[in-house]
Amino acid sequence: MTPGPLPAYDPTRIEAVVRRAQDPTQAPTPATRLALRAAVAALLPHAIRHRNTLAPGDAARQYVGETIARAHAWQALVSVPVGPLAGLVNELLRYARQVPANLYPTVSHPRAPRH
């Protein structure tokens, strides 16, 4: 089964929201929190795709999985502080930008195929 198309996301807009949320001169607003939550929702499928391309048992796959679990948990919470939420969005954005790894050789799987 081939995966369907991923939801579109606008990295430039998401970066602007993160910068605004992390700006110490700006007071966090409900609109900023809503924009960060929307960014998490848009980026989660991309992070999941990235995790699924990493080798099973790889430490990076475990770390990305933990980040995804945190994102799912925080989606259920209403009052996650803006600073940590912006950090999470930044991390998910980094995963969304990475090219699928397709089991590149790792320490845990040194004989994985090279692409």
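First, a term: the expected span of a helix is 1.5 Å times one less than its number of residues. Helices here are DSSP runs of H or I with at least four residues, numbered from the N terminus. This is a predicted model, where local features need pLDDT of at least 70, side-chain atom pairs count only at pLDDT 80 or more, and totals for chains, interfaces and linings use all residues. Residues are numbered from 1 along each chain as its sequence is written, and side-chain values use heavy atoms, with hydrogens and water left out.

Helix 1 has twelve residues, which should span 16 Å at 1.5 Å a residue, and its end C-alpha atoms are 16 Å apart, so the two agree. Buried in helix 1 are Ile-14, Val-17, Val-18 and Ala-21; buried means under 20% relative accessible area, exposed over 50%, and partly exposed in between, with a 1.4 Å probe and protein chains only. These residues cover an arc of only 100° around the axis, which puts them on the same side of helix 1; the arc is taken from the directions from the helix axis to the C-beta atoms. Thr-12 and Arg-19 are exposed, on the face turned away from that buried side.

What covers the buried residues of helix 1? Helix 2 and helix 4 are among the elements that do, with contact meaning heavy atoms within 4.5 Å.

Helix 2, residues 30-53, reaches 35 Å from first C-alpha to last, close to the expected 34 Å.

Notes:
Helices (H or I, at least four residues) and strands (E, at least two) are DSSP runs, numbered from the N terminus.
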